[in-house]
Amino acid sequence: MDKKLYIVMVGLPARGKTTVAAKIKENLEKENIRVRIFNNGDVRRRMLQENTSHAGFYNPSNIEGHSVREKIAMINIEEARHYLSSRGQIAILDATNASAKRRQTLREHLTDHPIIFVECINEDRELLQASIIRKTKMAEFAHLTFDEAYRSFEERISYYESIYSPLSHKDNSITIDTLNNRIIRENVGVVIPYYPRIRDLLVSDWVKNLFLVRHGQTHYNLDMRLGGNSELTETGHAQARALADHFKGTPIPYIFTSTKIRTKQMGTPISADQSGHCTVISLPEFDEIDAGVCEHMTYQEILEQMPEAYAARSRDKYNFIYEKGEGYVTLKDRVYRGIKKALYLSGNSDNIMVIGHQAVNRMILSHFLFRRTEDVPYIYIPQDKYFHITSTQTRKVFELKSFLADRCFSCPL
């Protein structure tokens, strides 16, 4: 007899529940496990003709709205039960399930197979704001201005906060930090089917296709100068156009750049050439290493004017820190946070692109390739090629590809 399981998502809006649910489904399906997601929002949009973007629909004091939302929940509960009573093996109920009362309803109706509650938490204010912005682009908010949609979704969250209650210690549950893929609490007192696979998935980065690009040639590159905010040269712009042509037929729904002009200029032609929706997000975590007092200098100038600093850097490039600036050793944490933010904000997108800098891209590669720290400053980061990275439970790929010619160097991890 097939093992069967209900996974019940729990958490406030915009905390990554749907992304986690999709991640679980896609990964387990690769192992020929039959999984289906039952999303309350999908039922709401299917069932109601009127637009429910207004926050008042979610007000607990709105008796009519509350009744409709309870009906929606019961529809999903019954559909999930029916799915597992036939050939289904895992049913994921994707909703806030914020109140103790709602979770009790789930327990009372889903008695035929084990239940595990997966609670998603993320209180990073910056990421929450970015997630709300992403939500405002949904079709149900199309008739509102951005400010109206943003305020409406914030108010919706506040209503859910007013009824939110912690999971009971009696529940089989796991609570995760969805930004860092970290288990915060685990309370599993019985054997849960597929649980070892699910838990491993929850704590792992999930990258289907990450295209890691360095900006094209800049005026500072020609002079061998550090840092700054130099623009692309004519050659750099030509590289940007070539990159855009290379990806013209590849959907890139999310492009992440640094806040520097050169990475934004590199990304502009790509986003402009995308036939589908493309969101460009600039993250300061992907800014190039801060050279402090050595900003705007050439290495020759550092040798002549600051020979001790030049010698110290030569001895230990990874641990060297520029005066009033950064080093690879201090860059690691902010770049790591940038990776987590990009993966979180892109949801479960098939393809994402990061356009960064030489030192930053070295740190990103070392995260996926597990290079020795002392070797990180010497990783090859060309301006006419990009790295294609896949890192899932079932597939690990690392490729260096040219976008200016057909040459390609590739090696599976």
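How do the residues of the lining of the largest pocket divide into nonpolar, polar and charged? They divide into 14 nonpolar, 12 polar and 14 charged. The legends below start with this pocket. The model is predicted.

**View 1. The largest pocket has a volume of about 1000 Å³.**
Its lining counts 40 residues. Closest to the centre are Asn 39, Gly 41, Thr 96, Lys 135 and Arg 156. Several helices give two or more residues to this lining: α1, α2 (40-47), α3 (63-85), α4 (100-109), α5 (125-135) and α6 (146-163).

**View 2. The second largest pocket has a volume of about 530 Å³.**
Here 26 residues form the lining. Arg 225, Leu 226, Glu 288, Tyr 299 and Gln 358 are the closest to the pocket centre. Two elements give two or more residues: α8 (219-223) and α14. The largest share comes from α14, with 3 residues. By type, the lining divides into 10 nonpolar, 8 polar and 8 charged residues.

**View 3. The largest cavity has a volume of about 320 Å³.**
The whole structure holds 3 cavities of 30 Å³ or more. Around the largest cavity, 25 residues make up the lining. Thr 19, Lys 23, Leu 343, Tyr 344 and Gly 347 lie nearest the cavity centre. Two or more lining residues come from each of α1 (17-29), β7, α13 and β10. The lining has 9 nonpolar, 10 polar and 6 charged residues.

**View 4. The largest nonpolar core has 35 residues.**
Which of these residues touch the most other members? They are Phe 256, Phe 286, Ile 364 and Leu 365. Helix α13 gives the largest share, 8 residues.

**View 5. Leu 365 is among the core residues that touch the most other members.**
What does Leu 365 contact, leaving aside its neighbours within four places in sequence? Its contacts are Leu 212, Phe 370, Ile 379, Ile 381, Phe 387, Ile 389 and Phe 398.

**View 6. Another core, of 23 residues, lies apart from the largest one.**
Its members include Leu 28, Val 35, Ile 116 and Ile 198.

Terms used
Residues are numbered from 1 along each chain as its sequence is written. This is a predicted model: local features need pLDDT of at least 70, side-chain atom pairs count only at pLDDT 80 or more; totals for chains, interfaces and linings use all residues. Side-chain values use heavy atoms; hydrogens and water are left out. A nonpolar core is a set of buried Ala, Val, Leu, Ile, Met, Phe, Trp, Tyr and Cys residues joined through side-chain atoms within 4.5 Å. Buried means under 20% relative accessible area, exposed over 50%, partly exposed in between (1.4 Å probe, protein chains only). Helices (H or I, at least four residues) and strands (E, at least two) are DSSP runs, numbered from the N terminus. Contact means heavy atoms within 4.5 Å. On a 1 Å grid over the protein atoms alone, a cavity is a set of points where a 1.4 Å probe fits but cannot get out, and a pocket is an open set with protein on both sides within 12 Å along at least five of seven lines; lining residues have an atom within 4 Å of a point. Grid points are joined across faces, edges and corners, and a volume is the space filled by probe spheres set on the points. Ala, Val, Leu, Ile, Met, Phe, Trp, Tyr, Cys and Pro count as nonpolar, Asp, Glu, Lys and Arg as charged, and the others, Gly among them, as polar.
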